[in-house]
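Subject: Structure handover

Hello,

Please find the structure below. My notes on the packing, the strands and the charged pairs follow it.

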Amino acid sequence: MPFRRFAALAALVGALFAPLAAAADDAGVPDGGVELCTEPEGVGNDGYQSADDFDDDGLLDWEDSCPFGYDVGNYDVDEDGVGDVCDDCPAYPNPDQWDADGDGIGDACDNDADGDGVLDFSDNCGGGEADGGAGLLSVPNPGQEDLDGDGDGDACDSDLDGDGLDNGPDPCPYNAANDGTGCNADPDGDGFPTFNLKTPENEINDNCPESHNPYQEDLDGDGAGDACDPDLDGDGVLDTADDCPLAYDPLQEDGDRDGMGDPCDDDGFCFVVAGEMDACLDPGGPFAVIAPDELDVDTGQTVRLRLFANWVDARIAYAWSLTGGPSESGLENPAGEAACSTPYEYHYVEGEEPTFTPAKPGTYTLSVSAALIDDPDAPAATDSMALRAYGVTLTASDTCNCDLVGRDSGRGASILSLLLAAFGG
């Protein structure tokens with residue numbers, strides 16, 4: 001080829017690839033325009049927590065029908081406003097999530113809602129056939145006592161003796177003859193009679209008429225004794241779902257995500273990552289890192305290896321390594337530096353994020369070591385995670401694709417055409 005023709009071709013190729021080379025040189029370099037403390041865009045979900053999206057399912061907490069349960073579809077089959085993954089009765093509408101016996105099965109679908117050992121369909125205080133299907137509040141009545149034999153158990157009967165007078169105004173609620181006997185009965189044996197005849201209104205005296213409550217404790221002062229109050233602190237959140245049942249906390253604030261509400265969390269702040277209660281980050285302790293324990297992926301799926309540390313915005317040097325598994329391939333950008341975290345999650349330099357792509361099914365162990373750049377004498381912090389890959393073993397034909405992410409196939413075709421033209425092809 002004549003030298004002048006070759007030189008022209010070289011100049012042409014250089015001009016075409018110069019912008020790409022410049023972009024590659026600037027990628028991840030702070031003085032090249034990349035901001036270290038900016039969350040990279042386009043990062044897909046990989047099962048860990050994010051700010052304003054506790055379950056990291058891509059839905060902001062205030063838009064998520066189940067903010068503490070991963071569900072990208074935000075499914076709510078019964079349309080009661082509570083997402084299926086955290087609904088104690090996903091197929092039956094129960095927006096209040098009532099669970100009288102606290103067994104995790106909502107009253108709307110529990111065949112023994114009060115947990116007294118008598119199934120609702122035969123329970124005379126269970127809202128079933130035995131009480132005429134009247135839909136009475138399910139309350140424990142294990143002995144199935146029914147003083148007046150009307151089918152409504154004594155624990156939930158508003159007229160115990162069946163004389164037509166409600167228990168409150170009835171001078172002798174346990175005696176239909178009203179002859180003075182059975183007027184001050186104390187069915188729960190706590191020393192407080194159910195009805196106090198010394199008051200003109202015959203008002204209820206025992207704040208838990210059917211539950212033994214000898215000291216008449218009433219934490220929230222709502223008139224329902226603690227022994228029978230389903231919301232002890234009166235914050236509107238039932239005790240069975242309250243992260244702090246003994247302290248008023250209507251917003252259920254839990255800053256460190258350890259499952260214990262802030263007002264009653266006396267163990268100190270320790271940020272929990274991905275629900276791993278035994279592995280939390282104490283900002284007052286020695287430098288430590290966490291790589292969440294387990295993650296399930298498909299073969300061929302690229303996972304960004306997220307890193308959490310208890311010291312925020314410190315300059316750290318990190319290194320990921322594959323320490324166990326069926327394959328030694330798939331780890332990209334394993335080492336580097338980071339200097340920004342929000343909250344407690346370190347953001348990698350854009351374009352230099354460590355990733356792992358499993359090519360074979362099986363369980364992989366990925367370990368990370370991090371050291372403080374400004375305190376070289378401090379011990380390095382380490383942790384590891386398990387990654388389970390499902391699917392089939394990928395071959396070269398499965399992974400080889402000329403239309404790679406970030407490559408413009410149209411531009412490549414244009415360059416090829418120019419090269420062929422230059423060589424006379």
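Buried here means under 20% relative accessible area, exposed means over 50%, and partly exposed is in between (1.4 Å probe, protein chains only). The model is predicted, so local features need pLDDT of at least 70 and side-chain atom pairs count only at pLDDT 80 or more, while totals for chains, interfaces and linings use all residues. Residues are numbered from 1 along each chain as its sequence is written, and side-chain values use heavy atoms, with hydrogens and water left out.

Salt bridges

A salt bridge is a side-chain nitrogen of Lys or Arg within 4 Å of a carboxyl oxygen of Asp or Glu. Searching the whole structure gives 4 of them. Strands are DSSP runs (E, at least two residues), and they are numbered from the N terminus.

Arg304, Arg306 and Glu345 form a network of salt bridges. Within it, glutamate 345 meets arginine 304 at 3.7 Å, N to O. Glutamate 345 lies in strand S10 (residues 345–346) and arginine 304 in strand S5, so this pair ties together parts 41 residues apart in sequence. Both glutamate 345 and arginine 304 are buried. Glutamate 345 also forms a salt bridge with arginine 306, where the closest N and O atoms are 2.6 Å apart. Arginine 306 sits in the loop between S5 and S6, 39 residues from glutamate 345. Arginine 306 counts as buried because its relative accessibility is 4%; for glutamate 345 the value is 5%.

Nonpolar cores

A nonpolar core is a set of buried Ala, Val, Leu, Ile, Met, Phe, Trp, Tyr and Cys residues joined through side-chain atoms within 4.5 Å. The largest one has 28 residues, and those with the most contacts inside it include Phe287, Trp320, Leu366 and Leu387. Strands S4 (294–298), S6 (307–309), S7 (316–324), S12 (362–372) and S13 (381–390) each give two or more residues to this core. S12 gives the most, with 5 residues. A second, separate core has 6 residues, among them Val273, Leu281, Ile290 and Phe308.

Contact means heavy atoms within 4.5 Å. Leaving aside residues up to four places away in sequence, leucine 387 touches Leu295, Val297, Phe356, Pro358 and Leu366, among others.

Strand pairing

Two strands pair if DSSP finds at least two bridges between them. S7 pairs antiparallel with S12 over 8 bridges, and antiparallel with strand S9 (residues 335–338) over 4 bridges. Tyrosine 318 has alanine 370 as its bridge partner in S12 and stands opposite glycine 336 in S9.

There is also an open sheet of 3 strands in the order S5-S11-S8, with antiparallel pairing. Its edge strands are S5 (303–304) and S8 (331–332), each pairing on one side only. S8 is joined to S11 (residues 355–356) by 2 bridges, and leucine 331 stands opposite phenylalanine 356 in S11.

Regards
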